[in-house]
Amino acid sequence: MAVERLFKDEATEEKGDRARMSSFVGAMAIADLIKTTLGPKGMDKILQSTGRGHSVTVTNDGATILKSLHIDNPAAKVLVDISKVQDDEVGDGTTSVVVLAGELLREAEKLIATKIHPMTVISGYRMAAECARNALLEKVMDNKDDTDKFRTDLMKVAMTTLSSKILSQDKEHFANLAVDAVMRLKGSTNLESIQIIKKPGGSLKDSFLDEGFILDKKIGIGQPKRIENAKILVANTAMDTDKVKIYGARVRVDSMARVAEIESAEKGKMKEKVEKIIAHGINCFVNRQLIYNFPEELFADAGILAIEHADFDGIERLGLVTGGEIASTFDNPESVKLGHCKLIEEIMIGEDKLIHFSGVEMGQACTIVLRGASFHVLDEAERSLHDALCVLSQTVNDSRVLFGGGWPEMVMAKAVDELARKTPGKKSHAIDAYSRALLAIPTTIADNAGLDSAELIAQLRAEHHKEASNAGIDVITGSVGDMSALGICEAFKVKQAVLLSATEAAEMILRVDEIITCAPRRREDRM
């Protein structure tokens with residue numbers, strides 16, 4: 001006897017082809033949404049929140065756009081996830097990975113419509129991905145041993161990454177900033193010690209790299225404006241106990257003199273605390289919390305620079321770069337690790353005063369100050385620069401680079417095509433489809449630049465049949481160009497992550513043959 005109904009009333013299920021179609025449509029819709037942002041001539045999207053203030057973000061960064069979308073389709077969520085992972089892992093290629101996964105699914109849909117089983121498609125895709133990766137491995141360039149060439153490679157990678165962003169007009173200037181900042185890290189991928197400060201005003205070209213650390217605070221009144229050979233105590237402690245603080249209790253006194261006694265006792269406690277801090281032999285005190293007038297006076301009298309209310313990121317990073325640790329008790333001066341730097345002074349950026357720490361213990365630390373017309377421009381500039389810094393820090397560790405501009409996809413497509421011809425059976429259709437999906441990236445780059453993609457891809461394919469061709473799409477002249485002469489390079493790690501993530505995501509969605517949506521839980525069920 002057949003079971004009439006298995007699920008609760010409001011639960012829904014889709015089976016077989018319907019489930020597959022729903023997955024394909026969702027994933028392809030996401031890929032089409034983000035496709036127009038790919039490449040040097042990609043367009044931007046405006047994201048407007050419905051929350052209070054209706055904040056607006058203008059961006060063409062794939063991960064940022066997808067993060068902001070509230071999506072209902074489960075397959076589309078898989079693509080959003082791979083884009084996030086790509087952003088966390090290598091920082092760039094967030095759009096490419098979604099476009100490639102969407103194209104793989106579009107090709108798979110045609111194959112499944114001709115009654116090829118999804119498992120056959122998956123095994124063909126796996127063979128093709130392996131073949132494509134090996135084709136790239138044969139063509140990588142590695143100049144790690146030659147410092148000058150390696151720096152040139154890094155500059156090219158940075159300029160290629162920035163050319164599809166808002167910073168493309170001044171990409172040489174920003175590529176220089178990013179390469180200098182990453183070279184100071186000496187191989188570490190911890191971007192914590194590179195601080196980015198955004199100050200509206202001026203133009204993007206006025207942005208600069210500053211050695212050392214800048215804290216977005218002002219120096220207090222009556223305190224030294226410049227300190228050499230600073231010993232810094234970084235703390236997170238309450239410096240406001242010069243007021244009576246007894247919550248939920250009453251203090252009954254028989255005269256005002258008694259109140260004065262309580263207050264002076266509080267002041268005495270505060271003074272004792274300040275003296276303990278001064279006993280550490282410091283000449284700069286940075287606190288996470290407020291410093292009230294009385295302790296500030298005491299510090300000023302002792303010639304100590306006291307900085308209050310440094311935001312938490314600020315003091316954590318300051319502790320990191322000056323080599324100090326954040327303290328909250330001051331009874332054992334010998335157990336507290338102080339920070340050191342050669343000079344603390346006040347500087348002006350635009351209209352604002354900031355505190356500059358130079359000659360810090362951690363020589364890797366630096367600050368990039370971004371200038372720009374508005375906060376929207378600055379936010380997008382920060383995202384673009386962060387992508388470039390991520391890619392460069394990964395490239396310093398894995399120094400293999402490839403040409404860009406659709407060249408890697410053509411190389412992979414050619415290798416995958418050859419594999420399809422050698423492979424017997426239905427798998428060869430899947431491998432052939434993989435090769436067509438790879439061509440979607442150069443096609444989209446050309447389409448977004450308003451070029452004739454069919455003509456350009458045909459020319460590129462002919463070029464790549466010659467030996468050792470460096471041909472790719474030059475969107476500036478609108479023709480096929482030599483990527484080596486144009487200096488368009490990409491990190492191998494980014495390309496590899498795009499290839500493998502997109503294939504795995506497509507494979508995961510292809511395996512789906514049923515979608516079950518649970519019924520919402522009712523309140524009375526919880527009783």
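Mentor: A contact here means heavy atoms within 4.5 Å. With that cut-off, S23 touches N73, A75, I509, V512 and I515, leaving aside residues up to four places away in sequence. The model is predicted, so to speak of local features takes a pLDDT of at least 70, and side-chain atom pairs count only at pLDDT 80 or more, while totals for chains, interfaces and linings use all residues. Residues are numbered from 1 along each chain as its sequence is written, and side-chain values use heavy atoms, with hydrogens and water left out.

S23 sits in helix 1 (residues 16–35); helices (H or I, at least four residues) and strands (E, at least two) are DSSP runs numbered from the N terminus. S23 counts as buried because its relative accessibility is 3%, where buried means under 20% relative accessible area, exposed over 50%, and partly exposed in between (1.4 Å probe, protein chains only).

P295 is another buried residue, at 0% relative accessibility. P295 belongs to helix 9 (residues 293–301). From P295 to V274 the C-alpha distance is 6.6 Å, across 21 residues of sequence.

Aromatic pairs come next; the structure holds 3 of them. Rings of Phe, Tyr and Trp (its six-membered ring) pair if their centres lie within 6.5 Å; planes under 30 degrees apart count as stacked, over 60 as edge-to-face and the rest as tilted. Y125 and Y434 form an edge-to-face pair, because their planes stand at 70°, with ring centres 5.5 Å apart. This pair links distant parts of the chain, 309 residues apart: Y125 is in helix 5 (residues 118–139) and Y434 in helix 13 (residues 427–438). Both Y125 and Y434 are buried.

On a 1 Å grid over the protein atoms alone, a cavity is a set of points where a 1.4 Å probe fits but cannot get out; a pocket is an open set with protein on both sides within 12 Å along at least five of seven lines, and lining residues have an atom within 4 Å of a point. Points are joined across faces, edges and corners, and a volume is the space filled by probe spheres set on them.

The whole structure has 1 cavity of 30 Å³ or more, and the volume of the largest cavity is about 30 Å³. Its lining consists of L100, E409, M412, L438, I441, K495, V498 and L499. Helix 12 (407–422) and helix 17 (492–510) are the elements that give two or more residues to this lining, and helix 17 gives the most, with 3. The lining has 6 nonpolar, no polar and 2 charged residues, taking Ala, Val, Leu, Ile, Met, Phe, Trp, Tyr, Cys and Pro as nonpolar, Asp, Glu, Lys and Arg as charged, and the others, Gly among them, as polar.

The largest pocket holds about 980 Å³ of space. Of its 47 lining residues, G39, P40, T160, S163 and S164 are the closest to its centre. Helix 6 (147–162) and helix 17 are among the elements that supply at least two lining residues, and helix 6 gives the most, with 5. By class, this lining has 17 nonpolar, 18 polar and 12 charged residues.

As for the rest of the fold, the protein has 17 helices and 18 strands, and 49% of its 527 residues count as buried. Among contacts between residues at least 6 apart in sequence, 74% join residues at least 24 apart. The C-alpha atoms fill a box of roughly 95 × 70 × 40 Å along the principal axes.
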